[in-house]
Amino acid sequence: MATQGKKPGGGMTVAEAGRMGGKLVSEKYGAEFYERIGKKGGSSTAERYGPEFFGKIGRKGGKAVSEKYGAGHFERIGRRGGQKVASLVERAKSLEGPERPEEPDEGERPAPEVRPEQSIGA
């Protein structure tokens, strides 16, 4: 494995070179490139190891995260996610504004129009 320190000649570190290379690839090919190669890698892994593999590595990762951050970590991030969704829903409702007509009650809705070609048994 390469070292992270500077080379004797004053060159850049491996980390600096990696960052520069990643930035150049990103500028040249865009985010879609990473999405495409990620999907290829995921498909290849699924073909090679099967879907059980993802469950196994997910459990392993979840266990490591739980050990690192504690048992309440998933509860805390779940609550934060729920709060975020609720705020987004409220924001969307406020953006809809009063010009949107309210939905009529179930009893007030007109019956759907049925065309002959849509009849049952036709």
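A: In this predicted model, K39 and E35 form a salt bridge in which the closest N and O atoms are 3.4 Å apart. Both residues belong to helix 2 and sit four residues apart, about one turn of the helix. K39 is exposed, at a relative accessible area of 54%, whereas E35 is partly exposed, at 47%. With a cut-off of 4 Å between a side-chain nitrogen of Lys or Arg and a carboxyl oxygen of Asp or Glu, the 3.4 Å separation of K39 and E35 qualifies. As background, side chains of opposite charge can pair when their charged atoms come close.

By this rule the count comes to three salt bridges. Another of them joins E75 and R79, with 2.9 Å between the closest N and O atoms. These two residues are in helix 4, four residues apart, so about one helical turn separates them. E75 is exposed, with a relative accessible area of 52%, and R79 is partly exposed, with 45%.

The pair K93 and E90 also forms a salt bridge, its closest N and O atoms being 3.9 Å apart. K93 and E90 lie in helix 4 as well, three residues apart, again about one turn of the helix. K93 counts as exposed at 51% relative accessibility, while E90 is partly exposed at 48%. Exposed here means over 50% relative accessible area, so K93, at 51%, falls in the exposed class and E90, at 48%, in the partly exposed one.

Helix 4 covers residues 73-96, which makes 24 residues. From its first C-alpha to its last, helix 4 reaches 35 Å, close to the 34 Å expected at 1.5 Å a residue. After helix 4 comes G97, whose phi is positive, near 70 degrees.

Helix 2, which holds K39 and E35, spans residues 31-49 and has contacts with helix 1 and with helix 3. Two packed helices are described by the angle between their axes and the distance between the axes. For helix 1 (residues 14-29) and helix 2, the axes come within 6 Å and cross at roughly 100 degrees. Helix 1 is therefore roughly perpendicular to helix 2. On the side of helix 1, the contact is made by G22, V25, S26 and Y29; on the side of helix 2, by A31, E32, F33 and Y34. By class, the residues of this contact are five nonpolar, two polar and one charged.

The axes of helix 2 and helix 3 (residues 51-69) likewise come within 6 Å, crossing at roughly 105 degrees. The contact of helix 2 with helix 3 has five nonpolar, two polar and one charged residues.

For the chain as a whole, the protein has four helices and zero strands, in the order α-α-α-α from the N terminus. Of its 122 residues, 3% count as buried.

Terms used:
Residues numbered from 1 in each chain as written. Predicted model: local features only at pLDDT ≥ 70, side-chain atom pairs only at ≥ 80, totals over all residues. Heavy atoms only, no water. Expected span 1.5 Å × (residues − 1). Axes fitted to C-alpha atoms, helices over the stretch in contact; angles between N-to-C directions. Contact = heavy atoms within 4.5 Å. Nonpolar A, V, L, I, M, F, W, Y, C, P; charged D, E, K, R; others polar. Buried < 20%, exposed > 50% of the residue type's maximum accessible area, 1.4 Å probe, protein only. Parallel < 35°, antiparallel > 145°, perpendicular 65-115°, else oblique.
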